[in-house]
Amino acid sequence: MPALLVGLQQTFGLTVGSWEFIIGAIFVIIIAIVRRNRLDILAFLTAILTGVGIDIWLYLISLVFIPDQWLGKIAYLAMGVIFIASGVSIYLQAKFSPTPPDGMQILIEEYFKIKVSTARTVFSAFIVTGAFFLDGPIGIGTIIMVFTLGPIIGFLYPIFQKYFMMLSGYPTVKVLDQQEAKNKTI
């Protein structure tokens with residue numbers, strides 16, 4: 001999605017973070033229309049926070065070491081893909097309002113009845129196509145993200161799902177019968 005946001009910034013102005021919010025708001029509206037639900041106000045909040053975070057990050061990144069060598073760039077890209085996939089897989093377990101792009105991924109998964117990995121790849125390819133038409137910065141890293149992020153999320157999501165179910169005690173929840181419940185209250 002960053003390539004699309006940068007393409008929008010270069011074409012129309014505003015900050016990358018502002019475009020994150022605008023595109024996020026459009027996604028929230030699309031999700032509400034397709035599902036025939038009310039707008040998810042918390043998704044708007046996540047879009048605002050993400051947009052502000054992106055603008056702050058873009059300011060701070062100029063102060064951080066960025067490798068010049070291919071090996072360093074590959075290592076940064078690999079860590080980025082793994083961290084993003086892990087982060088998405090973990091925070092979706094909370095069943096909290098997903099960020100608008102992840103909400104679109106979930107909508108695609110539900111609507112077309114496809115795997116989460118395929119839905120993420122389809123969504124990412126759609127976004128990169130938009131970035132292409134806006135002359136967004138599409139490089140080898142963007143292409144690698146499109147085709148690896150979905151499968152890695154698809155791999156990690158059930159692992160984290162099992163882990164969070166175990167932590168919550170869900171598989172070991174015992175339903176008390178009336179006698180046990182009565183004994184516990186005494």
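I took buried to mean under 20% relative accessible area, exposed over 50%, and partly exposed in between, with a 1.4 Å probe and protein chains only. By that cut-off Thr-121 is buried, because its relative accessible area is 17%.

**Entry 1: the model.** I noted that this is a predicted model, in which local features need pLDDT of at least 70 and side-chain atom pairs count only at pLDDT 80 or more, while totals for chains, interfaces and linings use all residues. Residues are numbered from 1 along each chain as its sequence is written, and side-chain values use heavy atoms, with hydrogens and water left out.

**Entry 2: the whole chain.** I counted 8 helices and 0 strands; helices (H or I, at least four residues) and strands (E, at least two) are DSSP runs, numbered from the N terminus. The C-alpha trace spans about 70 × 40 × 35 Å along its principal axes. Of the 186 residues, 34% count as buried. I then looked up contacts, meaning heavy atoms within 4.5 Å. Among contacts with a separation of 6 or more, 65% join residues 24 or more positions apart.

**Entry 3: Thr-121.** I found Thr-121 in helix H6. Setting aside neighbours within four places in sequence, Thr-121 is in contact with Val-146, Phe-147, Gly-150 and Pro-151. From Thr-121 to Arg-38 I read 83 residues in sequence and 27 Å in space, C-alpha to C-alpha.

**Entry 4: the cores.** A nonpolar core is a set of buried Ala, Val, Leu, Ile, Met, Phe, Trp, Tyr and Cys residues joined through side-chain atoms within 4.5 Å. The largest one has 18 residues, and Leu-5, Phe-27, Met-104 and Phe-123 have the most contacts inside it. Helices H1 (2-12), H2 (16-35), H5 (100-112) and H6 (116-133) each supply at least two of its residues. A second, separate core has 11 residues, including Val-81, Leu-92, Leu-156 and Tyr-157. I also checked Leu-5: not counting residues up to four places away in sequence, Leu-5 touches Val-16, Trp-19, Glu-20, Ile-23 and Ile-54.

**Entry 5: H2 and H3.** Two packed helices are described by the angle between their axes and the distance between the axes. Axes are lines fitted to C-alpha atoms, for helices over the stretch in contact, and angles run from 0 to 180 degrees between N-to-C directions. H2 and H3 (residues 41-61) pack at about 160°, with axes 7 Å apart. They are therefore roughly antiparallel; under 35 degrees counts as roughly parallel, over 145 as roughly antiparallel, 65 to 115 as roughly perpendicular and the rest as oblique. By class, their contact has 10 nonpolar, 5 polar and 2 charged residues. Here Ala, Val, Leu, Ile, Met, Phe, Trp, Tyr, Cys and Pro count as nonpolar, Asp, Glu, Lys and Arg as charged, and the others, Gly among them, as polar.

**Entry 6: H4 and H7.** The axes of H4 (residues 70-91) and H7 (residues 140-168) come within 7 Å and cross at roughly 40°. That makes H4 oblique to H7. Residues of H4 in the contact include Leu-77, Val-81 and Ile-84, and those of H7 include Leu-156, Tyr-157 and Phe-160. This contact has 15 nonpolar, 4 polar and no charged residues.

**Entry 7: H5 and H6.** I read an angle of about 120° for H5 and H6, with their axes 8 Å apart. H5 is thus oblique to H6. Met-104 of H5 and Phe-123 of H6 are among the residues that make the contact, which divides into 6 nonpolar, 1 polar and 3 charged residues.
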